[in-house]
Amino acid sequence: MLTVADTGHLATAPAVGPSRPAPAIPAHALPHRTPAELLALARRGLVEAAELRPDGLRYATAHLAALRAAAAVLAARARPVPARRGKLTNVWVLLTMVAPELGDWAAYFAASAGKRAAAEAGIPRVVSAREADDLVRAAESFVSVVELALGLTHPSLLDELVA
């Protein structure tokens with residue numbers, strides 16, 4: 001199980017605001033980078049995933065990009081609190097706590113984590129070309145959704161929307 005620290009929707013209303021305070025997350029589970037840095041890493045990961053030919057590596061790299069985007073949401077919206085370090089926390093569970101409107105995305109990527117781990121372990125044919133392509137597209141969409149939700153829109157996304 002990955003923690004946010006290990007990883008490097010369009011909401012109609014803000015997930016955090018006067019009526020809803022930022023969820024408290026143990027400080028050790030929060031990323032050590034800014035949301036913008038994490039989204040830049042996610043975008044680079046998407047470019048890398050698109051260029052990879054082995055299906056398993058493409059799948060794993062796209063999943064890692066989605067993890068970094070999820071970490072960006074946590075970095076932007078969670079309030080760190082001191083806590084004991086004993087328990088590992090799943091990034092996708094934390095994302096659902098911090099941004100419930102992204103719960104469907106969290107469930108999708110949580111369900112694909114096992115295949116990602118198998119692909120990273122080098123198990124042959126654990127992922128088909130279509131599954132890798134689908135995950136790359138889903139990760140690209142998720143990163144774009146996170147960018148919009150955090151107000152950190154990637155320039156090429158605006159170009160795509162205008163075209």
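1. Helices and strands here are DSSP runs, of at least four residues (H or I) for a helix and at least two (E) for a strand, numbered from the N terminus. Read in that way, this predicted model has seven helices and two strands, and their order along the sequence follows the pattern β-α-α-β-α-α-α-α-α. Of the 163 residues of the protein, 42% count as buried.

2. The largest nonpolar core has 38 residues, and the members that touch the most other members are Leu39, Val73, Trp92, Leu95, Phe109, Phe142 and Val146. Two or more residues of this core come from each of α1 (35–51), α2, α3, α4 and α6 (129–150), with α2 giving the largest share, 11 residues. As an example of the packing, Val146 touches Leu39, Ala69, Ala72 and Val73, when residues up to four places away in sequence are not counted.

3. The pairing of α3 with α4 can be described through both its geometry and its residues. The axes of helix α3 (residues 91–98) and helix α4 (residues 103–111) come within 9 Å of each other and cross at roughly 175 degrees. Because of that crossing angle, α3 is roughly antiparallel to α4, the cut-off for this description being an angle over 145 degrees. On the α3 side the contact is made by Trp92, Leu95 and Thr96, and on the α4 side by Gly103, Ala106, Phe109 and Ala110. Sorted by class, the contact of α3 with α4 has five nonpolar residues, two polar residues and no charged ones.

4. Helix α5 (residues 113–120) has Arg116, Ala118 and Ala119 among its residues, and these three are buried. They lie on the same side of α5, because they cover an arc of only 165 degrees around the axis. The cover over the buried residues of α5 includes α2 (55–77), and this can be followed at the residue level in the next two points.

5. His63 has its place in helix α2. His63 counts as buried because its relative accessible area is 0%, where under 20% is the cut-off for that word. Leaving aside neighbours within four places in sequence, the contacts of His63 are with Trp92, Phe109, Ser112, Ala113, Arg116 and Leu135. Among these partners, Trp92 and Phe109 also belong to the set of core residues that touch the most other members, while Arg116 is one of the buried residues of α5.

6. Tyr59, too, has its place in helix α2. Tyr59 counts as buried because its relative accessibility is 5%. With neighbours within four places in sequence left aside, Tyr59 is in contact with Ser112, Lys115, Arg116, Val127, Glu131, Ala132 and Leu135.

7. Thr61 is classed as buried because its relative accessible area is 14%. Apart from neighbours within four places in sequence, Thr61 is in contact with Gly45, Glu48, Ala49 and Leu52.

8. Glu140 is found in helix α6. Glu140 is classed as partly exposed because its relative accessible area is 33%, a value that falls between the cut-offs of 20% for buried and 50% for exposed. Not counting residues up to four places away in sequence, Glu140 touches Arg43 and Leu46. The C-alpha atoms of Glu140 and Ala62 are separated by 8.1 Å, although these residues are 78 residues apart along the chain.

9. Two backbone angles after α5 deserve a look. Helix α5 is followed by Gly122, whose phi is positive, near 85 degrees. Arg125, which is found in the loop between α5 and α6, also has a positive phi, of about 55 degrees, although Arg125 is not a glycine. Most residues other than glycine have a negative phi. Arg125 counts as exposed because its relative accessibility is 80%.

Conventions. Residues are numbered from 1 along each chain as its sequence is written. This is a predicted model: local features need pLDDT of at least 70, side-chain atom pairs count only at pLDDT 80 or more; totals for chains, interfaces and linings use all residues. Side-chain values use heavy atoms; hydrogens and water are left out. Axes are lines fitted to C-alpha atoms, for helices over the stretch in contact, and angles run from 0 to 180 degrees between N-to-C directions. Angles under 35 degrees count as roughly parallel, over 145 as roughly antiparallel, 65 to 115 as roughly perpendicular and the rest as oblique. Contact means heavy atoms within 4.5 Å. Ala, Val, Leu, Ile, Met, Phe, Trp, Tyr, Cys and Pro count as nonpolar, Asp, Glu, Lys and Arg as charged, and the others, Gly among them, as polar. Buried means under 20% relative accessible area, exposed over 50%, partly exposed in between (1.4 Å probe, protein chains only). The arc is that of the directions from the helix axis to the C-beta atoms. A nonpolar core is a set of buried Ala, Val, Leu, Ile, Met, Phe, Trp, Tyr and Cys residues joined through side-chain atoms within 4.5 Å.
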